[in-house]
Amino acid sequence: GAPSGIGADFCRELDDRGLECIWMVSRNASRMGSLADGLSTPVRIVPCDLASVADRDSLRALISEEAPDIEYLVNCAGLGRFGDPVGMPVEDARAMIDVNISAVVELTSACIPFMRPGSRIITLCSETIIGCIESDDICIVVMSKELSVYLQHLFVIGKKVVNIPHL
């Protein structure tokens, strides 16, 4: 969700942090390019449709191959469809689950081995409301809480496990 809204705001904020590089991930390469033009930090533009399993697999492979030193992971892509949940096309429901849940879990897991003590994971959940019941957000909230507890005790760097007091 890098090129617009809060994702763009995060990129601008991170631009002032003295990072080596900012990786922007989104479907819209041209909007990422426009945003990158206004930043002083070098930017790696990674076109990726997070609703696509193949695209997510390619991104995970790229992360593994490049082995970047990840100081901040910002999960802020979101997808919401509104209207009658009974009449919602199955493809739309799957896309929401893929972007709002699967992408967050898969890419966070892919990035953790390349983070060090002091790194930060920022995850913003899309508010998807069906009727009056919050749906996909609860999965990410639970995963985030469990990950936080896990990382307070262990930090994985490659294959080495290092105990740390808190992240």
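What is the volume of the largest pocket? In this predicted model, the largest pocket has a volume of about 880 Å³.

**View 1. The whole protein, with its helices and strands.** The protein has five helices and eight strands. The protein contains 167 residues, and 37% of them count as buried. Its accessible surface comes to about 9600 Å², with 55% of that area belonging to carbon and sulfur atoms. Take the contacts between residues at least 6 apart in sequence: 53% of these join residues at least 24 apart.

**View 2. The largest pocket and the residues at its centre.** The volume of this pocket is about 880 Å³. Its lining is made of 35 residues, and those closest to the centre are Ile22, Trp23, Ile70, Tyr72 and Leu73. Sorted by class, the lining has 26 nonpolar, three polar and six charged residues.

**View 3. The elements around the largest pocket.** Two or more lining residues come from each of the helices α1 (5-15), α3 (53-66) and α4 (90-111), and from each of the strands β1 (22-26) and β3 (70-75). Which element gives the most to the lining? Strand β3 does, with six residues.

**View 4. Cys11 and Cys76, two cysteines without a disulfide.** The count of disulfides in the model is zero. For Cys11, the nearest cysteine sulfur is that of Cys76, 7.3 Å away. Is Cys11 buried or exposed? Cys11 is buried, with a relative accessible area of 7%. Cys76 also has no disulfide, and its nearest cysteine sulfur is that of Cys11. Cys76 has a relative accessibility of 17% and counts as buried, because the cut-off for buried is under 20%.

**View 5. Ala67 in the loop between α3 and β3.** Where is Ala67 found? Ala67 sits in the loop that lies between α3 and β3. Its phi is positive, at about 45°, although Ala67 is not a glycine. The relative accessibility of Ala67 is 43%, so this residue counts as partly exposed.

Note on methods: Residues are numbered from 1 along each chain as its sequence is written. This is a predicted model: local features need pLDDT of at least 70, side-chain atom pairs count only at pLDDT 80 or more; totals for chains, interfaces and linings use all residues. Side-chain values use heavy atoms; hydrogens and water are left out. On a 1 Å grid over the protein atoms alone, a cavity is a set of points where a 1.4 Å probe fits but cannot get out, and a pocket is an open set with protein on both sides within 12 Å along at least five of seven lines; lining residues have an atom within 4 Å of a point. Grid points are joined across faces, edges and corners, and a volume is the space filled by probe spheres set on the points. Helices (H or I, at least four residues) and strands (E, at least two) are DSSP runs, numbered from the N terminus. Ala, Val, Leu, Ile, Met, Phe, Trp, Tyr, Cys and Pro count as nonpolar, Asp, Glu, Lys and Arg as charged, and the others, Gly among them, as polar. Buried means under 20% relative accessible area, exposed over 50%, partly exposed in between (1.4 Å probe, protein chains only). Contact means heavy atoms within 4.5 Å. Accessible areas come from the Shrake-Rupley method with a 1.4 Å probe; for residues, only the protein chains shown count as cover. A disulfide is a pair of cysteine sulfur atoms within 2.5 Å.
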